[in-house]
Amino acid sequence: MQTTEALYRYARSRGHAVYRRPLRHTRAMSVQMPDGRCAIAISKLPLSVRLERRCLAHELGHCETGAFYTYRAQAAEITSCELRAERWAICFLIPYDDLCRQIAAGLQVPHALAEHFEVPEAMVLDAIAYYKAIGLAVPSPALSPGATRL
């Protein structure tokens with residue numbers, strides 16, 4: 001599992017700058033510079049460790065896959081870019097092999113998996129759905145009370 005500090009180190013190692021900034025309408029955002037490097041802004045507002053990790057990994061997903069769009073982009077392009085970024089974040093924070101290993105080791109509910117991977121529970125459910133959608137076998141953990149399948 002990647003620690004939060006490892007995520008920041010990864011960003012720096014790839015030449016991406018990460019800033020804490022006041023953001024009005026989002027928790028995080030990224031822009032690609034002409035030289036290919038990225039600037040990532042994470043909200044200055046307090047975020048839980050799980051949410052910070054998810055936001056940073058998602059923005060790194062934009063940077064690493066080149067999934068950027070302009071304000072003039074059509075909905076389909078925006079959706080495509082957001083999905084590419086989120087899938088990258090899932091693979092980085094919740095690797096398939098590790099997810100299966102943790103389920104087999106007894107972490108049978110999404111909230112326990114979320115705690116292990118230090119991500120929001122919804123991201124665990126998204127990871128399971130994504131891995132199944134691309135044809136990988138994932139043992140199904142039990143649903144937590146109040147959780148919904150995506």
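Glu86 touches Arg54, His58 and Met123, not counting residues up to four places away in sequence; contact here means heavy atoms within 4.5 Å. The model is predicted, so local features need pLDDT of at least 70, side-chain atom pairs count only at pLDDT 80 or more, and totals for chains, interfaces and linings use all residues. Residues are numbered from 1 along each chain as its sequence is written, and side-chain values use heavy atoms, with hydrogens and water left out.

Glu86 lies in helix H3. Helices (H or I, at least four residues) and strands (E, at least two) are DSSP runs, numbered from the N terminus. Glu86 is buried, with a relative accessible area of 14%. Buried means under 20% relative accessible area, exposed over 50%, and partly exposed in between, with a 1.4 Å probe and protein chains only. Along the chain, 77 residues separate Glu86 from Arg9, and their C-alpha atoms are 19 Å apart.

His58, one of the partners of Glu86, belongs to helix H2. His58 is buried, at 7% relative accessible area. Its contacts, leaving aside neighbours within four places in sequence, are Glu82, Ala85, Glu86 and Ala89. Leu83 is 25 residues from His58 in sequence, with a C-alpha to C-alpha distance of 9.5 Å. Leu83 lies in helix H3, which spans residues 75–93. Leu83 is partly exposed, with a relative accessible area of 40%.

His58 also lines the largest pocket, together with Ala28, Met29, Ser30, Glu59, His62, Ala67, Phe68, Tyr69, Thr70, Tyr71 and Glu82. Strand E2 (28–32) and H2 are the elements that give two or more residues to this lining. The volume of the largest pocket is about 180 Å³. On a 1 Å grid over the protein atoms alone, a pocket is an open set of points where a 1.4 Å probe fits, with protein on both sides within 12 Å along at least five of seven lines; lining residues have an atom within 4 Å of a point. Grid points are joined across faces, edges and corners, and the volume is the space filled by probe spheres set on the points. The lining residues divide into six nonpolar, four polar and two charged. Ala, Val, Leu, Ile, Met, Phe, Trp, Tyr, Cys and Pro count as nonpolar, Asp, Glu, Lys and Arg as charged, and the others, Gly among them, as polar.

The largest nonpolar core has 33 residues. Such a core is a set of buried Ala, Val, Leu, Ile, Met, Phe, Trp, Tyr and Cys residues joined through side-chain atoms within 4.5 Å. Ile42, Leu93, Ile94 and Leu99 have the most contacts inside the core. At least two core residues come from each of helix H1 (4–13), strand E3 (38–43), helix H2 (49–65), H3, helix H4 (96–104), helix H5 (110–117) and helix H6 (121–133). Beyond its neighbours within four places in sequence, Leu99 is in contact with Ile94, Leu113, Phe117, Ile128, Tyr131 and Val138.

The buried residues of H4 are Asp98, Leu99, Cys100, Gln102 and Ile103. H5 and H6 are among the elements that cover them. Gly106 follows H4 and has a positive phi, near 120°.

A search of the whole structure finds zero disulfides, a disulfide being a pair of cysteine sulfur atoms within 2.5 Å. For Cys55, the nearest cysteine sulfur is that of Cys63, 13 Å away. Cys55 is buried, at 5% relative accessibility. For Cys100, the nearest cysteine sulfur is that of Cys91, 12 Å away. Cys100 is buried, with a relative accessible area of 15%.
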